[in-house]
Amino acid sequence: MEINDFFKGSVVFRLEAFPSIVRNGLDSVHGGAHATYVDCATSCGVYTLDDLNRGHVSVKIDMDYLAMAKTLPLEGEKLTHDLPSILIDSRVIKLGKKLAYCEAKVAEEVSGRVLSSGTHVKCFIDKKFRCWRGFGVLG
């Protein structure tokens, strides 16, 4: 997952394709993976707006799963069809004193077909954000 674009209140990530590690028993992307991508993207969006660099935790995440998506093949499997690149497009709807309201959609890059969408509420905590393994504040 790499940053495709960002500005104040919005971050867009790009995946070449979903990795096989997020595959479920139906040979499609697990819903928990979609929620994780939405969580990560919206959290980064909050950091583009919050000048205080406050830490935050999830209060609520709500997901809608709209279409099935395939992953890269497991080791030893052959790729039988082209997989679309994926965009995770997030934005902060409102940044308050205690809460941040965000939304994101996970979609195929070329076709624009939306695979999932989610809303995410974050609560600011009395702790500064620390960089961890190379991740830090955007912008």
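Which residue in β4 is the bridge partner of R14?

1. The model is predicted. In β4, R14 has L87 as its bridge partner. β4 covers residues 86-95 and runs antiparallel to β2, with six bridges joining the two strands.

2. β2 (residues 10-15) also pairs with β1 (residues 2-7). These two strands are antiparallel as well, and five bridges hold the pairing.

3. The hairpin of β1 and β2 has two residues between the strands. In that hairpin, G9 takes a positive phi near 90 degrees.

4. β2 is mostly covered, and six of its six residues are buried. Buried here stands for under 20% relative accessible area. S10, V12 and R14 point one way from the strand, while V11, F13 and L15 point the other way. In a regular strand, side chains alternate between the two faces of the sheet. Both sets in β2 are buried: R14 is one of the residues on one side, and F13 is one of those on the other.

Note on methods:
Residues numbered from 1 in each chain as written. Predicted model: local features only at pLDDT ≥ 70, side-chain atom pairs only at ≥ 80, totals over all residues. Heavy atoms only, no water. Pairing = 2+ DSSP bridges. Helix = DSSP H or I, 4+ residues; strand = E, 2+ residues; numbered from the N terminus. Buried < 20%, exposed > 50% of the residue type's maximum accessible area, 1.4 Å probe, protein only.
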